[in-house]
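Open your viewer and get ready to click along. We will go from ring to ring, then take a look at confidence and one last stop.

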Amino acid sequence: MKTVLNNLKPFIAYWVSLAVFTIISLFEAFSSKNLIIVFFVVYIISGILIGCTTDIKEIRLGIILFELQLIICAIIFSINTVSSGLNTFASAGNVFYSTFSENINNVFSFILSVLLPLALFGIGFGLIELKNKRKSI
């Protein structure tokens, strides 16, 4: 059971960040740019915390599946499936790509949307390794 919960951590961090984004947007207190900033701040903090609290070996499968979610949703969003309603689902499945695709070249934003979560987990893993190295010195 612990393995399943550890592998769900990347998904939980993303969907909690999206839930915060959605709940705040219901109050209409912030502009859309500020809401996107809130989403990214919450996701960055949670991604780094996951990296700091979990060993990469424990969540390797979860990270792979999460990256597949990002890739599939970015492809669906780029196909522009507005008529079938999949565009809203794909936008929620990869907010990184759906917010960057209007401002940056689509190929670059696709790569960025897939690599950004990996970088955040990597920062957390790296911080723990640095801490362990300093303790051993």
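Predicted model: local features only at pLDDT ≥ 70, side-chain atom pairs only at ≥ 80, totals over all residues.

## A walk among the rings

Start by selecting tyrosine 14: its relative accessibility is 0%, so this residue counts as buried (buried means under 20% relative accessible area, exposed over 50%, partly exposed in between, with a 1.4 Å probe and protein chains only).

Residues are numbered from 1 along each chain as its sequence is written, and side-chain values use heavy atoms, with hydrogens and water left out.

Now show the rings: the structure holds eight aromatic pairs (rings of Phe, Tyr and Trp, its six-membered ring, pair if their centres lie within 6.5 Å; planes under 30 degrees apart count as stacked, over 60 as edge-to-face and the rest as tilted). Tyrosine 14 and tryptophan 15 are edge-to-face, because their ring centres lie 5.2 Å apart with the planes at 90°.

Then select phenylalanine 21 and phenylalanine 39, an edge-to-face pair at 6.3 Å centre to centre and 80° between the planes. Phenylalanine 39 counts as buried because its relative accessibility is 0%, while phenylalanine 21, at 22%, counts as partly exposed. Ring pairs link a cluster that includes Phe11, Phe40, Tyr43 and Phe66.

Finally, colour by pLDDT (the predictor's confidence in each residue, from 0 to 100): the protein chain averages 82. Last stop: the C-alpha atoms of serine 78 and serine 91 are separated by 9.7 Å.
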